[in-house]
Amino acid sequence: MIRAHVHMPYFSKFLYISLACFAYALWCLYDARVAYPKKLQIARAYETFPTTAAGQRDWTALAEEKGWPTAVPEKTAVKVEALIVNQYLSIAGCAMLGTFLFSKWWFARGSWIEGDEHILKNSRGQQCELSELLSINKRKWESKGIAVLKYRNGTKKRKFVLDDYKFDRESTGQLLAFAEARLSEPEKPTETEGC
């Protein structure tokens, strides 16, 4: 029996992207809980700051007293509130995408496909009896290393995928060779055909 073990460098990109998503989510959390609330406080203070009889505001004195920037706030309070909401939406999106990609890396660990001249099976419990093989689709084999085997499982047609990017290339090629050899065998005559 030949076993093709998972090729973890292929799945490492999912881990790295998921970690980047989680890091960005933490940055958004800092902005939503610390940076933007401070900007919101400054913007609200500026908008409610009383004007003089001449219609001018002595914002600099108040800003210096509070330790705020003396420049006029770039964004209104409404715009800063919208930015806070956007940060929470970004956190949710990054957390979902990061979790999905991390799970792809996590569940790939220890995966395998194995087989011989009679059967192919994988670590998820799927089995393809080569005697039930119907066809092999190798359209993507040269470009992406993917071969799709169609077989009959009882009354249902199923697919078994061989992917030499996700699994050890040499072993996956040998498993495909087993399937091709079995599919090219001439059909055995039935008893009625022999009479």
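1. In this note a residue is called buried when its relative accessible area is under 20%, exposed when that area is over 50%, and partly exposed in between, with a 1.4 Å probe and protein chains only. By that scale tryptophan 27, at 53% relative accessibility, counts as exposed, whereas tyrosine 24, at 38% relative accessibility, counts as partly exposed.

2. The model is a predicted one, in which local features need pLDDT of at least 70 and side-chain atom pairs count only at pLDDT 80 or more, while totals for chains, interfaces and linings use all residues. Residues are numbered from 1 along each chain as its sequence is written, and side-chain values use heavy atoms, with hydrogens and water left out.

3. On confidence, pLDDT is the predictor's confidence in each residue, from 0 to 100; the chain has a mean pLDDT of 90, and 91% of its residues reach 70 or more. Helices (H or I, at least four residues) and strands (E, at least two) are DSSP runs, numbered from the N terminus.

4. A nonpolar core is here a set of buried Ala, Val, Leu, Ile, Met, Phe, Trp, Tyr and Cys residues joined through side-chain atoms within 4.5 Å. The largest such core has 24 residues, of which Leu149, Phe160 and Leu162 touch the most other members. Two or more residues come to this core from each of α1 (8–48), α3, β6 (146–153), β7 (156–163) and α5 (169–184), and α5 gives the largest share, four residues. Apart from this core lies another, of seven residues, which includes Ile42, Ala45, Phe49 and Trp68. As general background, nonpolar side chains tend to be buried together in soluble globular proteins.

5. The strands β6 and β7 run antiparallel and are joined by eight bridges, where two strands pair if DSSP finds at least two bridges between them. Leucine 149 stands opposite phenylalanine 160 in β7, and these two residues are also among those that touch the most other members of the largest nonpolar core. Not counting residues up to four places away in sequence, phenylalanine 160 touches Ile113, Leu120, Lys121, Asn122, Gln126, Cys128, Ala147, Val148, Leu149 and Tyr151. The hairpin of β6 and β7 has two residues between the strands, and glycine 154 in this hairpin takes a positive phi near 70°.

6. The structure holds seven aromatic pairs, for which rings of Phe, Tyr and Trp (its six-membered ring) pair if their centres lie within 6.5 Å, planes under 30 degrees apart counting as stacked, over 60 as edge-to-face and the rest as tilted. Tyrosine 10 and phenylalanine 11 form an edge-to-face pair, at 5.0 Å centre to centre with 85° between the planes. Of these two residues, tyrosine 10 is partly exposed, with a relative accessible area of 24%, while phenylalanine 11 is buried, with a relative accessible area of 9%. Tyrosine 24 and tryptophan 27 also form an edge-to-face pair, at 5.8 Å centre to centre and 85° between the planes; because they are three residues apart in helix α1, about one helical turn separates them.

7. Arginine 109 deserves a look beside two tryptophans: its charged end sits over the ring of tryptophan 105, 5.7 Å from the ring centre, and over the ring of tryptophan 106, 3.7 Å from the ring centre. A charge sits over a ring if NZ of Lys or CZ of Arg is within 6 Å of the ring centre and within 35 degrees of the ring normal.

8. Glycine 115, in strand β2 (residues 112–115), counts as buried at 0% relative accessibility, and touches Met1, Ile2, Leu120, Leu175 and Phe178, not counting residues up to four places away in sequence. Serine 171, in helix α5, counts as buried at 12% relative accessibility, and with the exclusion of residues up to four places away in sequence touches Ile2, Arg3 and Ala4. Glutamate 64, by contrast, has its place in helix α2 (residues 59–66) and counts as exposed at 55% relative accessibility; its C-alpha atom is separated by 60 Å from that of glycine 110, 46 residues apart along the chain.

Terms used: Contact means heavy atoms within 4.5 Å.
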